[in-house]
Amino acid sequence: MAADDETQDAVRRTLRKRPPEKLPAGAEDRLRKRIDTEQSAPKRTAHAKLKTPKLKKRAR
Amino acid sequence: VDVDETLVADAARGNRDAFDELVRRYQSRLFQLVRILTGGDEESEDLVQETFVRAYRALGQFRGESTFRTWLHRIAVNVVRSHVARRNSRRTRAPIVEDRDDDDPVLGHVASLEDLEIAVVRRRMIDQALARLPPDMRLLITLRDVQGLEYREIAMITGLPIGTVESRIFRGRRRLRPMLAPLLVRSAQRREN
């Protein structure tokens with residue numbers, strides 16, 4: 001039981017110390033620009049959907 | 001008052017600076033998560049971007065039933081799962097981490113590569129050990145032991161009962177023990193010195 005506890009603790013501590021890799025250079029700017037495009041993109045609202053013209057059925 | 005709560009409330013009201021601050025607080029953590037779960041996929045940055053874009057779109061629907069951290073991790077896990085499923089179906093890329101066999105040369109020889117930086121070697125060994133776990137077990141262990149999430153948060157993210165989360169993490173650590181042995185030995189040696 002003590003060996004199990006030791007294993008759990010040792011592995012947990014080792015994983016917790018995983019050295020993080022750096023974000024790629026410019027990643028934050030690229031994300032900001034992408035969010036900018038989200039902000040400016042027109043949203044498709046329920047109102048807009050209602051106004052979408054329906055195709056007329058072809059008369060036989 | 002929880003900082004995230006304040007930032008989320010402000011961001012939901014359209015405060016862009018607040019959302020940018022949330023990005024700064026979490027993007028590095030999410031990058032680590034995505035890198036591990038995808039086996040260091042070159043598209044990791046895109047997947048982190050996609051996570052934040054989805055969060056941004058859905059911010060108005062965030063009801064605070066979980067913490068923002070839990071909610072954001074759940075989005076990231078879904079983004080990664082979709083990506084891995086697409087990648088597997090393409091089958092034109094290099095083999096994914098789940099398919100790596102057990103005699104991967106890097107892990108076997110990495111300890112002798114003294115010219116590599118210790119941090120890089122250490123990270124690679126950890127990632128390769130994690131890559132040998134079944135994907136679901138790897139996810140749980142990564143969320144708990146690398147990301148530091150609570151068991152109840154992991155249960156919310158994965159939809160698994162908390163007891164299942166605990167037992168799988170317990171078994172996962174047992175499986176990792178021999179694979180991480182060189183690192184565990186080294187830390188013991190350092191303590192002795």
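Analyst: Along the sequence, chain B runs α-α-α-α-α-α-α-α-α-α. This is a predicted model: local features need pLDDT of at least 70, side-chain atom pairs count only at pLDDT 80 or more, and totals for chains, interfaces and linings use all residues. Residues are numbered from 1 along each chain as written, chains are lettered from A and ligands numbered from 1 in written order, and side-chain values use heavy atoms, without hydrogens and water.

User: How many helices and strands does chain B have?

Analyst: Chain B has 10 helices and zero strands. Helices (H or I, at least four residues) and strands (E, at least two) are DSSP runs, numbered from the N terminus.

User: How much of chain B is buried?

Analyst: Of its 193 residues, 48% count as buried. Buried means under 20% relative accessible area, exposed over 50%, and partly exposed in between (1.4 Å probe, protein chains only).

User: Which residues of α9(B) are buried?

Analyst: They are B:Val165, B:Ile169, B:Gly172, B:Arg173, B:Leu176 and B:Met179. These residues sit on the same side of α9(B), because they cover an arc of only 110° around the axis. The arc is that of the directions from the helix axis to the C-beta atoms.

User: How many salt bridges cross the interface of chain B and chain A?

Analyst: The rule finds 11. It asks for a side-chain nitrogen of Lys or Arg within 4 Å of a carboxyl oxygen of Asp or Glu. One pair is A:Arg18 with B:Asp127, whose closest N and O atoms are 2.7 Å apart.

User: What does B:Arg25 meet in a salt bridge?

Analyst: Its side chain meets that of B:Asp4, at 2.9 Å from N to O. B:Arg25 lies in helix α2 of chain B and B:Asp4 in helix α1, so the pair ties together parts 21 residues apart in sequence.

User: Are those two buried or exposed?

Analyst: B:Arg25 is partly exposed, at 38% relative accessible area. B:Asp4 counts as buried, at 8%.

User: And where do B:Arg54 and B:Glu50 lie?

Analyst: Both lie in helix α3 of chain B, four residues apart, about one turn of the helix.
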